Amino acid sequence: MTENRPAGEADSAAAAAHPDALSALVARARTGDRAAFEQLMVCTQHKVAATAWRLLGNREDARDAAQESFLRAYKYLKSFKPGQDFHGWIYRITVNVCRDMMRARRAAGGSSAAGGQTAYEFEEASEWSHAEGGDAERAALLAQRRTIVRRALAALPEKERTAVVLRDLEGLATEEVARLMNTRPATVRSQISTARVKLKVFCEQILRERRPGG
Amino acid sequence: MDCARNEKLLALHAGGDLPEAQARSLAAHLRSCEGCRRVASDFAAGRELLALHEPPEFDAAFFDRIRRNVLREIDGGAPPPPAFARLTALLFGHHALALAACAAFLLVAAVALVPYLRGGRAPAGDAPPQLAAVGVEARQENGPAPGITPPPARADETEAKTPAPVVASLPHRRHLGASDRRAPRAKSAARRAAPIEAASNVTAETAETAEIAEAHASNAASTCQEAAAVSEVAGLAAPAERNMLRIELQTGDPNVRIIWLTPQEPEHLPR
């Protein structure tokens, strides 16, 4: 199903569907209805891909993670309890898939890209584009800051990066983050605290270097 | 509040992750501490920068490819019919190796235990009561008090169930003198010999039991010789054959009695 409009609009429309409609889709998909499962993918694909991108840092890995997430969801659809939040359920699957990919990446000796980058393979801002306004200077400034942030995240250890992405970017509660990371809330708070300090220091350093005369 | 240690607290405070009491305390400190306020401001700026970490706009082709790959995987990996899938999983699944190992272990254990069960069970089942009877008789024969007789209950029981075993021996002539000299103990020996119940396991599979039985039989035989000699002297019994030694052994089974005829010579007596 190819559409000319950006995929986000389709997702928004699907996401705004009534919860009962989503439950009906889930019930049909559990019986093996292929079309119903495809509709479920349409409803959740943007959120899944965005989360995967934030955790993994690049589109190729995000695409692989999204595919694996949907395959796992199909495989374990029978264990999905009626009445459960499907968005939250597939979100947890996505986070686990990303963590597995990071672990596999780490076991394989880091990045597969040339240059020996870290496990967090970030994309430069020039490789993709946002829907920006017409101001080129402002766009360039934003791209620069995004690059700084991505490099700062890439510099973090995996657990700290995962904790701060889930807490600060995905907006999950500390307890939920702890559950997804299979650790305690106190540990998550410690990781978040350390990650925020490192991000602050990194950003300050970069901004100081780029400041004229600094 | 120590400003040097406040950095991590301020990091948590920036995201609203401090407990309420601690957050109030830190907020009060910030009102009076310029340095900590600056740090808190830096953390807030860092969070704003972090919010720029937005994913790119994924176009429709990006998601179409994802869905196409997923559906292809679902269709291509369609499971076989349930029965076949279960059979395949059973034969070639990761449980198959565990099942095969268990089966092999059980087979080896069964093979190893069969000789033990065969060799130990039947004789062990039969021997104890017989050996117990022999043992009782042996103790009685070798006990401190001469003329030990079986316990009255046992004797009564034996007499009630079976006729009293006739244990007689045909002593050699030259033993008569010795028996005569042992006359004062004849009666006790006769009492000891008469109700003797001896058991022997003469099966080839229990050599040890046979040896014990032979030892007791030899005791019984020698005792029988004395008793027979005494009875002959007393005129109580007259063995028909003077050249053969007849030994009768009553087993634990009242219906089974072993009769042993052997030449009279001592060297022919079972050792």
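**Figure 1. Contact between helices H4(A) and H4(B) in the predicted model.** In this predicted model, H4(A) contributes Arg59(A), Arg63(A), Ala66(A), Gln67(A), Phe70(A), Leu71(A) and Tyr74(A) to the contact (heavy atoms within 4.5 Å). Axes are lines fitted to C-alpha atoms over the stretch in contact, and angles run from 0 to 180 degrees between N-to-C directions. The crossing is right-handed, that is, the near helix is turned clockwise from the far one by less than a right angle.

Residues are numbered from 1 along each chain as its sequence is written, and chains are lettered from A and ligands numbered from 1 in the order in which they are written. Local features need pLDDT of at least 70, side-chain atom pairs count only at pLDDT 80 or more, and totals for chains, interfaces and linings use all residues, while side-chain values use heavy atoms, with hydrogens and water left out.

**Figure 2. Packing of H4(A) against H5(A) within chain A.** The axes of H4(A) and helix H5 (residues 86–107) come within 9 Å and cross at roughly 125 degrees, which makes the pair oblique. H4(A) passes H5(A) in a right-handed crossing. Residues of H4(A) in this contact include Asp61(A), Glu68(A) and Phe70(A), and those of H5(A) include Trp89(A), Met101(A) and Arg105(A). The contact comprises 9 nonpolar, 3 polar and 6 charged residues.

**Figure 3. Packing of H1(B) against H3(B) within chain B.** Helix H1 (residues 6–14) packs with H3(B) at an angle of about 45 degrees, the axes being 9 Å apart. Asn6(B), Glu7(B), Leu10(B), Ala11(B) and Ala14(B) of H1(B) meet Cys36(B), Val39(B), Ala40(B), Phe43(B) and Arg47(B) of H3(B). This contact has 7 nonpolar, 1 polar and 2 charged residues.

**Figure 4. Lining of the largest cavity.** A cavity is a set of points, on a 1 Å grid over the protein atoms alone, where a 1.4 Å probe fits but cannot get out; lining residues have an atom within 4 Å of a point. The largest cavity has a volume of about 70 Å³, a volume being the space filled by probe spheres set on the points. Its lining consists of Asp168(A), Arg196(A), Leu199(A), Lys200(A), Phe43(B), Gly46(B), Arg47(B) and Leu50(B). H3(B) gives the most, with 4 residues.

Notes: 1 Å grid on protein atoms, 1.4 Å probe; cavity = no way out; pocket = protein on both sides within 12 Å on 5 of 7 lines; lining within 4 Å. Helix = DSSP H or I, 4+ residues; strand = E, 2+ residues; numbered from the N terminus. Parallel < 35°, antiparallel > 145°, perpendicular 65-115°, else oblique. Nonpolar A, V, L, I, M, F, W, Y, C, P; charged D, E, K, R; others polar.
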